[in-house]
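Me: I have a structure open and want to go through it piece by piece. Can you help me read it?

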Amino acid sequence: MANHTHVQNPKVDVQYRRKKNAEEMKHQIVSFTLMIFLTLIAFFAVGYEGFSAWFSVPFILLLAVVQVIFQLYYFMHMSHKGHELPALFLYGGALVAFVTIWAFLTIVWI
Amino acid sequence: MSTLARKKGVGAVIWDYLTTVDHKKIAILYLIAGGFFFLLGGLEAMIIRIQLAVPNNDFISAGFYNEVLTMHGTTMIFLAAMPLVFAMMNAVVPIQIGARDVAFPFLNALGFWLFFFGGVFLNLSWFLGGAPDAGWTSYASLSLASPTHGIDFYVLGLQISGFGTLIGGINFLVTIINMRAPGMTYMRMPMFTWATFVTSALILFAFPPLTVGLIFMMMDRLFGGNFFDPALGGNTIIWEHLFWIFGHPEVYILVLPAFGIFSEIFATFSRKRLFGYSSMVFATVLIGFLGFMVWAHHMFTVGMGPIANAIFAVATMAIAVPTGIKIFNWLFTMWGGSIRFTTPMIYAVAFIPSFVIGGVTGVMNATAAADYQYHDSYFVVAHFHYVIVGGVVFALLAGAHYWWPKMFGKMLDEKLGKVTFWLFFIGFHLTFFIQHFLGLMGMPRRVFTFLPGQGFETGNMISTVGAFFMAAGTVVLLANVVITTVKGKRVGNDPWEDGRTLEWAVSSPAPEYNFAQTPLVRGLDAYWIEKMEGKKGLTPAEPLGDIHMPNPSILPFVISLGLFVAAFGFLFHQDYAWGTPVGVVGLLITLGAMFFRSIIDDHGFHIHKEEVMEAEKKGAGA
Ligand code: HEM
Ligand SMILES: [Cu+2]
């Protein structure tokens, strides 16, 4: 749609864009490092005898959630403008799924 | 390719429709296919009612009754009501938001063909060893024990048509988010567009649970799984949950567009803007959200326990609040308006008391303790027909009359339209009102006959007579369609003269490109605003120029055909050696077509400015 296309102005402050990109790059590298680190921790948590499954399973799930957030916000650019609706649908879907599972765990029990 | 219909041979027309990606033609395809299945489901309803006209009847056997009953419900919900809703959405929504097309024209066509082949596949069960016979809900404890292939047809057929629905829903979401004309903010969207938006979101979230359930069922029935068989460690109740997590939102998927259609009709024929527009939007969204929190009200008697029953009962009753908001808004829209009782409008007026009756019995059903009495009796049958026929079918009939000129360029005859209405309206209440009492007197649902001397005779006879009234109404409607097609006069842009929304600003039917110039929307009821300022057309938002259009393609048809073939193969893979190879070939057809879709670089084509100008001059002129 005409009103959605970005106007590509060649004179748009190149320096500003460059700085922005560099910043983004930094975020990506930091979060990428963190993600690898978290993965290592996850492997360690499973491998380490001292942790019971009651600790390591929720722990890994928590790490997974963190990773999903990194993935969405730093690699799939959800932090940028114009992603409000995808975010709304994502959280809407997550909420519906959560309430459903929550109902099963608390009152229904199948 | 200009929009002006050149005389084409039959073959060319058929090829045109097989390959079309134009939302207006896809709407017609949905209308024809959905209409056909509606007649089929209606025929099945007549068979049921004839069987139940008198006690101890042997018009059909018990086993065949189960098949007819199951196919009636399944056909009506998945193959008649859903596609007819999609017909309305395709015909109207893109034009209402001032768009030239939907966001994914190819997917739109794919959605239709998947639905179509799924429906045909399901119905071929009649000829291939017997139809499904475990009710439209197909509860696992019944359906796993069903000896014929009927249930397998149900599972595979619904799986295929369900993909189509999901694709259609996603397409409308993206279309409404991305393709609105300049100035068409969310809070300026017509109510039917809002309803389509929320409905599509419900489809997006509700169909995956059904897909999962059907896959489990397919595994159990065809590939040696045991998700639902307690003897093998499965759990039969899981199916019920999955089915209703889908099933309850499904009823809102059907009824929200119905609300949307009526909102348009009330405003148009009261010659007033919709009362309480923003509360209508709010109510629609809230109903959509709450619709996901109440599925277990279908399972009060399963034994979930008092806490679960109580919570789900209260959650269900909460939905009555936004629904009530809507009812009052419609009443206030009419209040003080200068009302015209056209055919669509009398459906709309009749819808209010009919739907309220269905809503009241809904709250009665939601009262968990009382539901032990109503459950699986004719009371429930009466309830859901009041909401489905009194709500959805009335809306589809009203919408068909209302938008017929926009789809086909000719007005349906008003006199015959009113005859249809009265036959259908009287027949509907005759058929279903008495069933409340049959249910309270203890007549069970889904049983092929009843015994004399239990007080059920008169009620059932009345009910059957009513069904014949509805059948007569349908015949008059068909006659009306034929007469209009043959003899009807061409109409202009705004045949009801009181059109408020953008679809009434373009010619009837709309040109292939909908708008020669994308319009600038200056408020709610955009066309009405222009009319009130004495303007003929819309304010354009862009200069006249070449218009880019997508190319037609046969691939959606081929992709769907492949799944159809594959379903046959896998359905028979335990009986015949050819089963598995045929299944694999079908999948290869589908994957091959998808492969071609990916590698062919299809840039579409342009309708040139001169052609547009010429078409606009010859057409009614937008
Ligand atoms: C128009 C005339 C119609 C008539 C005369 C009719 C009649 C019936 C009858 C007699 C039953 C069987 C009830 C039982 O024994 O449990 C039934 C079931 C059902 N009908 Fe209709 N019906 C009509 C329209 C519709 C429509 C338009 C829909 C949906 C869009 C619909 C959906 C259903 C469903 C879901 C069932 C339940 C099937 C089952 O128990 O598995 N019906 N109908
Ligand atoms: Cu429900």
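**A helix, then the iron site**

Reply: Helix 15 of chain B (residues 414-440) has 27 residues and spans 39 Å from its first C-alpha to its last, close to the 39 Å expected at 1.5 Å a residue. The expected span is 1.5 Å times one less than the number of residues, and helices are DSSP runs of H or I with at least four residues, numbered from the N terminus.

Me: What kind of model is this, and how is it numbered?

Reply: This is a predicted model, where local features need pLDDT of at least 70, side-chain atom pairs count only at pLDDT 80 or more, and totals for chains, interfaces and linings use all residues. Residues are numbered from 1 along each chain as its sequence is written, chains are lettered from A and ligands numbered from 1 in the order in which they are written, and side-chain values use heavy atoms, with hydrogens and water left out.

Me: ok. What follows helix 15 of chain B?

Reply: B:Gly442 does, with a positive phi near 110°. At the helix start, a side-chain oxygen of B:Asp413 comes within 3.2 Å of the backbone nitrogen of B:Lys415.

Me: New topic. Which protein donors does the iron atom of ligand 1 have?

Reply: They are B:His72 and B:His385, each through NE2, lying 2.1 Å from the iron. Donors are N, O and S atoms within 2.8 Å of the metal (3.2 Å for Na, K and Ca); water is not among the atoms, so sites may look incomplete.

Me: Why is the arrangement octahedral?

Reply: Because the six donor atoms subtend angles of 86 to 179° at the iron atom of ligand 1. Six donors count as octahedral if opposite ones are over 155 degrees apart and all others between 65 and 115.

Me: And where do the two histidines, B:His72 and B:His385, lie?

Reply: B:His72 is in helix 3 (residues 62-96) and B:His385 in helix 14 (residues 378-408) of chain B, so the pair ties together parts 313 residues apart in sequence.

Me: Are they buried or exposed?

Reply: Both B:His72 and B:His385 are buried, meaning under 20% relative accessible area with a 1.4 Å probe, protein chains only.

Me: What about B:Gln96, which contact does its side chain make?

Reply: The B:Gln96 side chain makes a polar contact with that of B:Glu264, at 3.1 Å. A polar contact is a pair of N or O atoms within 3.5 Å; within protein, one must be able to donate a hydrogen and the other to accept it, and residues adjacent in sequence count only if both atoms are side-chain atoms. B:Gln96 is in helix 3 of chain B and counts as buried because its relative accessibility is 0%.

How values were computed:
Four donors count as tetrahedral if all angles lie between 85 and 135 degrees; four count as square planar and six as octahedral if opposite donors are over 155 degrees apart and all others between 65 and 115; anything else is irregular. Buried means under 20% relative accessible area, exposed over 50%, partly exposed in between (1.4 Å probe, protein chains only).
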